[in-house]
Amino acid sequence: MLLISGLYIGTAIISYVHYEQIQGFFYFFFIDAVMYHTSRNDIELLRVYKYYRFLIWFEYLFYSLPFLIVLILKGDYIGLVSVLIGYFLLSFIPKKRRAFIIKYPFSLATPFWLISFRKFKLIGVLPVVFLFCVMGYQHNNGGLVVASFVILGIIACLPSCERERDVELKVSYLNAKEYLQQQIKHEVLNTLVLLLPLVVLMCVLVFDWSYVFWACLILGLPIGNTIVKYAFFESELKQQLFIASCFIGFGIPLLSLPFLYNRAIRQLNQVKNVES
C-alpha cells in the first residue's frame, strides 16, 4: 500500500511539473474514482445514514487529493470546481444491475494477478504508463520513458506480494523446486503481457537499445520478488523489509538472491511437511 500511495503521489508530482504538456489528458486521472463508484457494493449500507452522499463526496475528494492540489497550485479553478461537482453528482448515479467484467489475459496458474488487478483497479494505471512514454518521446525526455518501465515493474511485483494458504501448497502435486519454478515462469509470462506492448510502442516511436535493456531489467523484478516471497513465506513483514532494504541499499541485497532461492525451496518443503 505504501508503494501504491507513493506511486499515486509521484504521478501527481510529475503531472504538476509537466502540466502544460498533459493538460488535455490530466482529467483522465479522475476517471479512476468513477470506475470505483460504479463497482462498489456498499451504497445500500450507506443509505441508512442521512448524509451519506457527503460521505461519498469526501471519500472521493480524499482519494484524489494529490491531483486536486495540482489543480489548485496551477490555478485551474474552473477544472477544480468541475471535479468537485462531478464527484458529488456521482452519488446520484444508480447502481448498475450487472457490472462490466474485464477479462485479463493472465495465466490462472498465478491467480493473484487477476485478484490484484481487480482489487486495486490497476487497469486504470496502464494508460498513464503509455502516456508517459509518448510524453517522453515528444519532449525527448528519456527519464519519463524509464519511469514508465519502473511503474510497470512495480505493478508486476504487486501480485507476488499476495500469499497462498498453506493448504493450497500442501495439495499441490509439484515438489517445492518445481512449484517455485512454475510460479517464476508464469510471473514472467504475465509480466510480458504488460511489458511487450510498451516495448513495441517504444520501438515504433524510436528504437533505442537502452530501452530494451530497461525492459529486461524490469522483467527481473517480479522474478526476484517471487523468490523473496517464498523465502520469507512465514512473514510478510520480512518480505517488505527486504524490499525496503533493496531501495535503501541501492539494490545490493539482491546479490543474495541465489541463497534466497535455496531458502525458498526449504520454506516450501517445510510448509508441505517434506524433509528434502
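A residue counts as buried when its relative accessible area is under 20%, and as exposed when that area is over 50%. In this predicted model, G224 has a relative accessible area of 8%, so G224 is buried. G224 sits in helix 13, which spans residues 209–231. Between G224 and V125 there are 22 Å in space, C-alpha to C-alpha, and 99 residues in sequence.

Next, the helix packing. Helix 10 (residues 142–157) packs with helix 12 (residues 176–205) at an angle of about 165°, and their axes are 10 Å apart. Angles over 145 degrees count as roughly antiparallel, so helix 10 is roughly antiparallel to helix 12. The crossing of helix 10 with helix 12 is right-handed. On the helix 10 side, the residues in contact are V145, S148, F149, L152, I155 and A156; helix 12 contributes E187, T191, L194, L195, L198, V199 and M202. Sorted by class, this contact holds 10 nonpolar, 2 polar and 1 charged residues.

The whole structure holds 28 aromatic pairs. One of them joins Y60 and Y87 in a tilted arrangement, 5.8 Å centre to centre with 55° between the planes. This pair links distant parts of the chain, since Y60 lies in helix 5 (residues 52–63) and Y87 in helix 7 (residues 77–90), 27 residues apart. Y60 is buried at 1% relative accessibility, and Y87 is buried at 3%. F213 and W214 form an edge-to-face pair, 6.4 Å centre to centre and 70° between the planes. Here F213 is exposed at 53% relative accessibility, while W214 is partly exposed at 27%. Ring pairs also link a cluster of residues, including Y8, F26, Y36, Y60, F67 and Y87.

Notes:
Residues are numbered from 1 along each chain as its sequence is written. This is a predicted model: local features need pLDDT of at least 70, side-chain atom pairs count only at pLDDT 80 or more; totals for chains, interfaces and linings use all residues. Side-chain values use heavy atoms; hydrogens and water are left out. Axes are lines fitted to C-alpha atoms, for helices over the stretch in contact, and angles run from 0 to 180 degrees between N-to-C directions. Helices (H or I, at least four residues) and strands (E, at least two) are DSSP runs, numbered from the N terminus. Angles under 35 degrees count as roughly parallel, over 145 as roughly antiparallel, 65 to 115 as roughly perpendicular and the rest as oblique. A crossing is left-handed if the near helix is turned anticlockwise from the far one by less than a right angle, and right-handed if clockwise. Contact means heavy atoms within 4.5 Å. Ala, Val, Leu, Ile, Met, Phe, Trp, Tyr, Cys and Pro count as nonpolar, Asp, Glu, Lys and Arg as charged, and the others, Gly among them, as polar. Buried means under 20% relative accessible area, exposed over 50%, partly exposed in between (1.4 Å probe, protein chains only). Rings of Phe, Tyr and Trp (its six-membered ring) pair if their centres lie within 6.5 Å; planes under 30 degrees apart count as stacked, over 60 as edge-to-face and the rest as tilted.
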